[in-house]
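Q: Can you walk me through this one before I set anything up? I'd like the overall layout, then the details residue by residue.

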Amino acid sequence: MKPRSRIHTIEAIVYPIVGIVAVLGLWQAYVTVFAVNPIVLPGPIAIAKASVKHFDTLLEQTWPTLAESIYGFALAVLIGVPLAVCVANSRILNLTFYPILIATQSIPKVAVAPIILVWFGVGMESKLVIAFLVAFFPIVVDTATGLRATPPGLLELARSVSASPSQTFWKVQFPAAMPFIISGAKVAVTLAVIGAVIGEFVGSNEGLGNLLLAANSQLDGPLAWAALVWLSILGIGLFFLVVVAERVLMPWGHH
């Protein structure tokens, strides 16, 4: 590793840590100096103690939210990418489906969550559907944008060597669109967590969202904030997995 690259790597690690420590220090100082009621705003130390005290409960409730988020995201990718391919390569399909996608995306998911709950019940299925709906749009839009943004020179080169449409797609269009697909996946995977929690808020007897509501109803501020911290860690972890997938699928982008 070159010295300059090593310095950049160290900075990428140290600066975020310094920022987090500074924010937590100011936060703890504020709640201590002004004696803020922990029901209103607990300090980082109180949240950490709650995380340790309720570790088993938090861990148990993390698995349902994790499963709902992963399944919803996976479904968004499995359906969103093929649909984006069709929309990007067919003017008729683009004119037919794109307005519908925009219209459905403009509807607040919190508003449709009760309807989905009626359709699919209070089990995992309803949370999976909501997570899918939230994560679906960025996958479709970014993939379609990437496919349309294929450099004309590459398409002309493919035509000059008599490449078939399928060869042009797999060898030229899809690799060129991969950065856009990964970008959409990074957004979608964090939105999937939000969608899962929305479903748990509306109707569920498990998951971190349900735990958060229960803690709020019991005026247990530290536990509620601990659930929020665990949700944040869950989202960061899933985002990191997409970054790992990016490095595997696009090794040329990290040289």
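What follows is a chat about the fold, the annotations and a few single residues.

Q: What kind of model is it, and which cut-offs apply?
A: It's a predicted model, where local features need pLDDT of at least 70 and side-chain atom pairs count only at pLDDT 80 or more, while totals for chains, interfaces and linings use all residues. Residues are numbered from 1 along each chain as its sequence is written, and side-chain values use heavy atoms, with hydrogens and water left out.

Q: Ok, how many helices and strands does the protein have?
A: Ten helices and zero strands, where helices (H or I, at least four residues) and strands (E, at least two) are DSSP runs numbered from the N terminus. The C-alpha trace spans about 75 × 60 × 30 Å along its principal axes.

Q: And how much of the protein is buried?
A: Buried residues make up 36% of the 255 residues. Buried means under 20% relative accessible area, exposed means over 50%, and partly exposed is in between (1.4 Å probe, protein chains only). The protein exposes about 14600 Å², with carbon and sulfur atoms supplying 73% of that; the areas come from the Shrake-Rupley method with a 1.4 Å probe, and for residues only the protein chains shown count as cover.

Q: Which domains does the assignment give?
A: Domain 1 covers 1-35 and domain 2 covers 43-253, with bounds from an automatic or database domain assignment. Their centres, taken over C-alpha atoms, are 28 Å apart.

Q: How many residues are in contact between the two domains?
A: Four residues of domain 1 are in contact with five of domain 2, contact being heavy atoms within 4.5 Å. For the protein, residues 24 or more positions apart account for 73% of the contacts with a separation of 6 or more.

Q: What does UniProt list for residues 62-242?
A: The unreviewed entry has "domain: ABC transmembrane type-1" there. UniProt positions are in the numbering used here, feature names are shortened, and annotations may be inferred rather than shown by experiment. In the model, that stretch is 88% helix and 0% strand, and its end C-alpha atoms are 19 Å apart.

Q: Where does it put the "transmembrane region" feature?
A: The unreviewed entry's ranges include 12-30, 180-203 and 223-245. Residues 180-203 are 96% helix, with end C-alpha atoms 34 Å apart. Residues 223-245 are 100% helix, and there the end C-alpha atoms are 33 Å apart.

Q: Switching topic: which residues make the nonpolar surface patch?
A: Ile-10, Ile-13, Val-14, Tyr-15, Ile-17, Val-18 and Val-21 make a patch of about 680 Å². Patches take residues with over 30% relative accessible area and no salt bridge; like charges are joined within 9 Å, and nonpolar side chains (Val, Leu, Ile, Met, Phe, Trp, Tyr) within 5 Å. Val-21 sits in helix α1 (residues 3-33) and counts as exposed at 55% relative accessibility.

Q: And Ala-76, buried or exposed?
A: Buried, with a relative accessible area of 0%. Ala-76 lies in helix α3 (residues 55-89). Leaving aside neighbours within four places in sequence, Ala-76 is in contact with Val-81, Phe-132, Ala-135, Phe-136 and Ile-139.

Q: How many salt bridges does the count come to?
A: Two, a salt bridge being a side-chain nitrogen of Lys or Arg within 4 Å of a carboxyl oxygen of Asp or Glu. Arg-159 and Glu-156 meet at 3.0 Å, N to O. They are three residues apart in helix α7 (residues 152-160), so about one helical turn separates them. Arg-159 is exposed at 53%, and Glu-156 is partly exposed at 46%.

Q: What about Glu-246 and Lys-186?
A: Their side chains meet in a salt bridge at 2.9 Å, N to O. Glu-246 lies in helix α10 and Lys-186 in helix α8 (residues 165-202), so the pair ties together parts 60 residues apart in sequence. Glu-246 is buried at 14%, whereas Lys-186 is partly exposed at 22%.

Q: Last one: what is phi of Ala-35 and where does Ala-35 lie?
A: Phi is near 50°, a positive value in a residue other than glycine. Ala-35 lies in the loop between α1 and α2 (44-53) and is exposed, with a relative accessible area of 63%. Most residues other than glycine have a negative phi. Leu-219 also has a positive phi, near 55°, and its place is the loop between α9 (208-217) and α10 (221-249).
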